[in-house]
Amino acid sequence: MKQLCSNLWLADGDTVSFFTLPYSTRMTIIRLDDGNLWVHSPISLTEELRTQVNALGHVRWLIAPNHLHHLFVTDWQQAWPDAELWGTQEVQKKRPDLHFSGTLKGTDGPWREAIDQYLFTGSPAMTECVFLHRSSATLIVTDLIENINPAQFNPVQRGLARLAGIVAPKGGMPLDWRLSFRRHHSEARANLEQILAWQPKRIVMAHGILITDHCDAFLRRAFAWLHPNADRPHEQDTDKN
């Protein structure tokens with residue numbers, strides 16, 4: 001686990017196979033003013049990681065931001081049984097075996113004093129809740145943006161990943177998800193404008209290399225397929241964590 005900035009830590013997890021491609025995984029932890037911990041997209045839990053997390057504070061919330069990021073939640077709920085699990089409607093339907101305390105919707109949650117949230121909607125394939133840690137201006141996403149190091153792919157995998165548009169330094173939304181917005185570009189553009197209005201200074205994603213400067217330019221390039229004069233699909237996931 002490493003500290004990225006004040007009250008925000010990252011932990012990289014195991015690599016998982018997804019549509020034949022190896023995906024690195026990453027969890028984000030934010031410590032709020034009351035000492036409670038907000039855990040985004042929990043990774044595989046080890047005893048070492050559990051000790052490190054307990055040293056930071058008390059796990060209060062577990063976040064499943066879309067229906068692909070839920071694989072390790074059960075272990076976290078068992079380790080911290082009083083933690084509240086929040087997820088999108090889609091992940092709740094997919095995992096009826098899990099106990100959810102709340103649904104990620106609207107623009108705020110019980111962590112609203114420190115963290116903004118917004119649902120990136122418009123696709124029948126997936127909805128993701130994205131977050132901004134306000135004090136550090138850190139945008140936190142899972143699959144909305146993937147920016148994976150090309151070195152972790154073999155040549156064939158690298159070609160597929162480039163076709164999908166998820167290879168650093170020109171990562172972005174995976175092609176299959178992009179194509180699902182075909183009839184909903186205007187809604188996706190409105191979502192993007194909300195994210196741009198947050199003016200993030202860095203971008204943390206579950207899969208890939210962080211963006212630590214020129215975030216506005218990166219986001220505009222990554223979502224150039226939403227340009228009103230290019231309103232057609234350009235380029236082309238099941239569960240990750």
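Predicted model: local features only at pLDDT ≥ 70, side-chain atom pairs only at ≥ 80, totals over all residues.
The protein chain contains seven helices and 13 strands in total. Its radius of gyration is 17 Å, close to the 18 Å that the globule rule gives for 241 residues, so the chain is as compact as a globular protein of that length.

- Strand β2 (residues 8–12) and strand β5 (residues 26–31) run antiparallel and are joined by five bridges.
- Within this pair, W9 stands opposite I29 in β5.

- Strands β10 and β11 pair in the antiparallel sense over six bridges, and F120 stands opposite E128 in β11.
- Strand β11 (residues 128–133) is mostly covered, with six of its six residues buried.
- In a regular strand, side chains alternate between the two faces of the sheet.
- Both faces of β11 are covered: E128, V130 and L132 are buried on one side, and C129, F131 and H133 are buried on the other.
- Strand β11 also runs antiparallel to strand β12 (residues 138–141), to which three bridges join it; here H133 stands opposite T138.
- Strands β11 and β12 form a hairpin with four residues between them, and A137 in the turn has a positive phi of about 55 degrees.

- Q117 is located in strand β10 (residues 115–120).
- The relative accessible area of Q117 is 3%, so the residue falls under the 20% cut-off and counts as buried.
- The side chain of Q117 makes a polar contact with the side chain of W111 at 2.9 Å, and reaches the backbone nitrogen of G109 at 3.5 Å.
- Leaving aside neighbours within four places in sequence, the residues in contact with Q117 include L104, K105, G106, T107 and D108.
- Also among the contacts of Q117 are C129, V130 and F131, which are buried residues of β11, as well as W198.

**Overall dimensions and surface**

- The C-alpha atoms of the protein chain fill a box of roughly 50 × 35 × 35 Å along the principal axes.
- Buried residues account for 56% of the 241 residues.
- The accessible surface of the chain is about 10800 Å², and 48% of it belongs to carbon and sulfur atoms.

Note on methods:
Residues numbered from 1 in each chain as written. Heavy atoms only, no water. Pairing = 2+ DSSP bridges. Helix = DSSP H or I, 4+ residues; strand = E, 2+ residues; numbered from the N terminus. Buried < 20%, exposed > 50% of the residue type's maximum accessible area, 1.4 Å probe, protein only. Polar contact = N/O pair within 3.5 Å; in protein donor to acceptor, adjacent residues only side chain to side chain. Contact = heavy atoms within 4.5 Å. Rg over C-alpha atoms; globule rule 2.2 N^0.38 Å. Areas by Shrake-Rupley, 256 points an atom, 1.4 Å probe, with all protein chains shown as cover.
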